[in-house]
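Here is a short briefing to read alongside the sequence and the coordinates. It goes topic by topic.

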Amino acid sequence: MAIKVNTTPVITDTGILESITGASGNYGVLQPTISTTTNNINFGTPMMNCVLTANTTFSESGVSQGKTATLLLDTSANFYTPSWSSSITWENGTEPTWGSWRYWQITFIADSASDIRAAAVGFTSTGGGTPPLSISLEGTAANPERFITVPTGNGDMVAGWRFGSDGNVYQYESFNNQGGQGYTLHNTVTWINVPPSTTYYIRASNYSGSFTLSVGDSSSINTWNALTSNNSFRYRDSRNVLTYADEEGYMKIEISTTSNGSNIVATGYYGVRWTGFA
Amino acid sequence: MAIKVQTQTKITDARTFQDLSTWSGTYGNFQPNVTAVNTDIDIRNAMNSKTLSANVTFTVSNLAAGRTSLLLMDISANGYTPTFPSSVKWVEDTEPTWTNARYWMVGLTAWDGSTVRATATAWGS
């Protein structure tokens, strides 16, 4: 049973101390719970970590005078750049040069709800801020990179892969699929590790499996398409899910520096497997 | 009498809070106990102290993401040298030159279960 003072719980059944208006005494082993954030400094979760997957602008929430927060920031191997609201003032009036170090420990203290003082220290040199160019794809002919999706019978099964103009690789699962959320980032794997400074070209071709790519749901197949825009390659199964067993489709993906494919710099194999109920 | 929630003691007879899962609210005069360190810095302890009486090789234990700990270190008038494990990474990739100052406040933050990133501030040449 929770412990209450008057009618207010101060220790919940799960051991959470809450609605405390003050504390005095000493403490020993008392450590913060870490919270993962993507773009918000929440002063209600004072120890946060974040791995950037793109250049990111941070906002703040729960700010009031005297509150502090710490952000453990990993700008990733791509050295993405964080930016901040005008409420934040940096130590000595100078925002850090984020490209100099990969990892940052940033401490915020709120002078008021709209005035936040921040200090940052960096770890692990980036060697100048620009990683060496790397273009890579996943999977081999014998062991393609694939995921498994489950149709629900509510509409067609649609699933596949996207190679984004932003350099990221995404999985696609239709909202008709179990747990499908459309496009989601495929881990933190990219096909190119820095913003492309020149045009690259991609070609997808059917490789193996019981299904081939859906022409109507894909970018041009067997064609060198510019990666200045997103290229998606997807499978569609319109049949009743009760009429078939497991199916799969695999594609070969190539990237070239030239529009005619004369200089292929990366090759990979990707696939989707979906489970039928027959 | 100890205060229990369900069957777990949350406030002991000695008025120590224990086994709390989360704490929210504000605090006033609420300060850390200081733990005297031999060679192992248990990062769960918020505040530690060590006066070196010889060169010392430290270890850091109980790492988990977000845990932080301070070490108040006196390398003594003899200028003994501390050595930290390779899991400890220093600001801007540079470990301090310990003999440049006698008193040090070393801030340790666990980024995960295996890496600690550390800051160091010195006083007294």
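Ser114(B) lies in a loop of chain B, between strand E13 (103-110) and strand E14 (116-123). The model is predicted.

- Ser114(B) counts as exposed, because it has 8 C-beta neighbours inside 10 Å and the cut-off for exposed is 12 or fewer.
- Leaving out residues up to four places away in sequence, Ser114(B) touches Leu63(B) and Ser87(B).
- Val60(B) is 54 residues from Ser114(B) along the chain, and their C-alpha atoms are 9.7 Å apart.

**The sheet in chain B**
- Six strands of chain B make an open sheet with mixed pairing. Their order is E5-E7-E10-E13-E14-E12.
- The edges are strand E5 (34-36) and strand E12 (88-90) of chain B. Each has a single partner strand, so one side of each lacks a neighbour in the sheet.
- From one strand to the next, the twist averages 30 degrees.
- E5(B) runs parallel to strand E7 (residues 47-51) of chain B, and three bridges join them.
- In this pair, Val34(B) stands opposite Met47(B) of E7(B).

**Where chain B meets chain A**
- The contact involves 34 residues of chain B and 36 residues of chain A.
- On the chain B side, the elements that give two or more residues are strand E1 (3-5), strand E2 (8-11), strand E3 (22-25), strand E4 (30-32) and E14 of chain B.
- E3(B) gives the most to this side, with four residues.
- By class, the side of chain B that touches chain A has eleven nonpolar, 15 polar and eight charged residues.
- Strand pairing also crosses between the chains: strand E4 (residues 25-27) of chain A and E4(B) run parallel, joined by three bridges.
- Tyr27(A) stands opposite Pro32(B) in E4(B).

- Thr124(A) is not a glycine, yet its phi is positive, at about 65 degrees. Thr124(A) sits in strand E14 (residues 115-125) of chain A.
- Thr124(A) counts as partly exposed, because it has 16 C-beta neighbours inside 10 Å.
- Asp93(B), also a residue other than glycine, has a positive phi near 60 degrees. Asp93(B) is placed in the loop between E12 and E13 of chain B.
- Asp93(B) has 11 C-beta neighbours inside 10 Å, so it counts as exposed.

Definitions and conventions
Residues are numbered from 1 along each chain as its sequence is written. Chains are lettered from A and ligands numbered from 1 in the order in which they are written. This is a predicted model: local features need pLDDT of at least 70, side-chain atom pairs count only at pLDDT 80 or more; totals for chains, interfaces and linings use all residues. A residue is buried if 20 or more other C-beta atoms lie within 10 Å of its own, exposed if 12 or fewer, and partly exposed in between; C-beta atoms are placed from the backbone. Two residues are in contact if their C-beta atoms, placed from the backbone, lie within 7 Å. Two strands pair if DSSP finds at least two bridges between them. Axes are lines fitted to C-alpha atoms, for helices over the stretch in contact, and angles run from 0 to 180 degrees between N-to-C directions. Ala, Val, Leu, Ile, Met, Phe, Trp, Tyr, Cys and Pro count as nonpolar, Asp, Glu, Lys and Arg as charged, and the others, Gly among them, as polar.
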